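This report describes selected local features, the domain arrangement and the ligand site of one protein model. The sequence and the structure are shown first.

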Amino acid sequence: MFKKILIANRGEIAVRIMRTCQEMDITTAAVFSEVDRKSPFVYYADEAYPLGGITSQESYLKWEKIIGIAKEYGAEAIHPGYGFLSENADFAEAVFAEGLTFIGPPADAIRVMGNKTEARKLMIANGIPTVPGTEDAIKDKDKARQTARKIGYPILIKAAAGGGGKGMRLVEDDGQFFEAIEGAAREAKAAFNDSTVYIEKFVEEPRHIEFQILADSKGNVIHLGERECSIQRRHQKVIEESPSSLLTNELRAKMGKAAVQAAKVCGYRSAGTIEFLVDKNLNFYFLEMNTRLQVEHPVTEMVSGLDLVKEQILIAAGKSMTSLKSLDDFWGHAIECRLYAENPDNNFAPSPGEILFLKSADGPGIREDSGVTQGSEISLYYDPMISKLIAWGSDRRQAIMRMLRALREYEILGIHTTIPFLIRVLEHPLFQKGKFTTKFIEENREQLFVENINTAEVASFAAALDQINEKSKISIYNNHKNNKHGSSWKLIHRQQSLRKK
Ligand code: MV4
């Protein structure tokens, strides 16, 4: 087993990975930018090495430097977390070339899945359902328009080098086709330095459901059920859960089988995720594969009892994955909320600053994976996600109620957070019934945002409260149900006593 692992990441995921290393008796080495010098993950690590620099470009993406540190200080393996270098095939290859272990899939698997047309081709060749569309990159625009007509509008133009919704164009009829193709290609060239685009039929009001897979070098490939990720805003996931209330055991088995097959045909090893779209007739289609540990991996951990980081480390060290009999061993329901340093009632504007006070949630069924602490400074340089709350319950209802309770317990001063918005989503009757698609937030704007509070009756009260809140940047998340556990007034009191000190 590895004696020392370098974690090439920051924030909550760096802490998450180090926790498992602790449990496995593995020494941890952090690398950090100047902005992160005092971050919890730097203190958590057994050793920490400065990368210098401020932006990602100047720090966490400097892979020669990171590999150099690993070699100099005797780390045998590098865990990339998510984002940054995690899906960079050249990095994975360079790590290997330097005699170190990349805790993730083989570079070839990253490469093929990183190219969305290559990935589609591979899936089609192996009988895995994909969205109807072009198999190859578009070269001839007239031919492409013929294809679009054959598929039937609306269609989506996607960038081969894209993913995660970047560089997508919706085309509703023939008249828009050429302009859209040219625009998409131009955008793809600018964003990914690759103008290759392809066409898919537009699946209307789909659910986004993804399957967690694990593959080891002994030839074992299993799936760990699904995560329902339809609650998104601008291609950013907001809430994830497992299991999905949409799937029957029969459909789950079918999709799981396709996910395992997808992992096998690309020669996968480590933890990975197969994303599917599911339409209203419960047809499912392969969308893309994420060749990394994902932000939302904890919901799978909570229902399976597995530690996915431990599995990744075991697999990277050439050992078998922990045996897992079947989904019959899974228990209960888990929900994750991503907490962002953003103001949901001002179009999710970033909310940088110092966390003046922090008392997070705990109690039955609550897990928090956080990257911050009281006194942390939230900068504008990196992703604004500061923490993840995960609630486990014996059923979906209990998981929702526990999450709501935890969100109301959470006390944070100095920055705005998305907590008030998350509460509104969890309280929404359609969310509670499990009746939603990827359009949920867009379609329920009126109930999810408070910008329409402007009646004369509440205006003066709201103005007064706003003033206080603006000063202290307190999120008003409790002006309903007389919830005394998280009252604004209590927070304001706390803020004032902090000021006196
Ligand atoms: C689609 C689609 C409908 N039809 N592809 C967005 C993220 C990227 N992974 C692919 N995405 C979509 N691809 C076809 N053929 C709709 C989306 C989509 C979406 C997917 C999952 C979750 C949220 C979404 C929000 C808007 C669009």
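Pro-154 is located in the loop between α7 (141-151) and β6, where helices (H or I, at least four residues) and strands (E, at least two) are DSSP runs numbered from the N terminus. The peptide bond that leads from Tyr-153 into Pro-154 is cis, with omega near -5 degrees. A cis peptide bond also joins Ser-242 and Pro-243, with omega about 0 degrees; Pro-243 belongs to the loop between β11 (236-242) and α9 (249-265).

The model is predicted: local features need pLDDT of at least 70, side-chain atom pairs count only at pLDDT 80 or more, and totals for chains, interfaces and linings use all residues. Residues are numbered from 1 along each chain as its sequence is written, and side-chain values use heavy atoms, with hydrogens and water left out.

**Backbone and accessibility**

Asn-193, although not a glycine, has a positive phi of about 55 degrees. It lies in the loop between α8 (177-192) and β8. Arg-234, in the loop between β10 (221-233) and β11, likewise is not a glycine and has a positive phi, near 50 degrees. The table gives relative accessible areas for these and other residues; buried means under 20%, exposed over 50%, and partly exposed in between (1.4 Å probe, protein chains only).

| Residue | Relative accessible area | Class |
|---|---|---|
| Asn-193 | 58% | exposed |
| Arg-234 | 63% | exposed |
| Asp-46 | 44% | partly exposed |
| Thr-20 | 1% | buried |
| Thr-418 | 3% | buried |

Asp-46 is placed in the loop between α2 (40-44) and β3 (47-50). Not counting residues up to four places away in sequence, Asp-46 touches Gln-22, Ile-26, Thr-27 and Thr-28, a contact being heavy atoms within 4.5 Å. A polar atom of the Asp-46 side chain lies 2.9 Å from the backbone nitrogen of Thr-28. This is a polar contact, that is, a pair of N or O atoms within 3.5 Å; within protein, one must be able to donate a hydrogen and the other to accept it, and residues adjacent in sequence count only if both atoms are side-chain atoms.

Thr-20 sits in helix α1 (residues 11-23). Apart from neighbours within four places in sequence, its contacts are Asp-307, Val-309, Lys-310 and Ile-313.

Thr-418 is found in the loop between β22 (411-413) and α13 (419-427). A polar atom of its side chain is 3.0 Å from the backbone nitrogen of Tyr-340.

**Domains**

The domain assignment, which is automatic or from a database, gives domain 1 (4-103), domain 2 (132-201), domain 3 (207-448) and domain 4 (456-500).

**Ligand site**

The ligand is surrounded by 18 residues, of which the closest are Lys-158, Glu-200, Lys-201, Val-203 and Thr-438; a residue is near if one of its heavy atoms lies within 4 Å. Domain 2 and domain 3 each contribute at least three residues to this shell. A nitrogen atom of the ligand is 2.7 Å from a polar backbone atom of Lys-201, and a ligand nitrogen lies 2.8 Å from a polar side-chain atom of Glu-200. A polar backbone atom of Val-203 is 2.8 Å from a nitrogen atom of the ligand. Taken alone, the ligand exposes 520 Å², and the protein buries 90% of that; accessible areas come from the Shrake-Rupley method with a 1.4 Å probe, and for residues only the protein chains shown count as cover.
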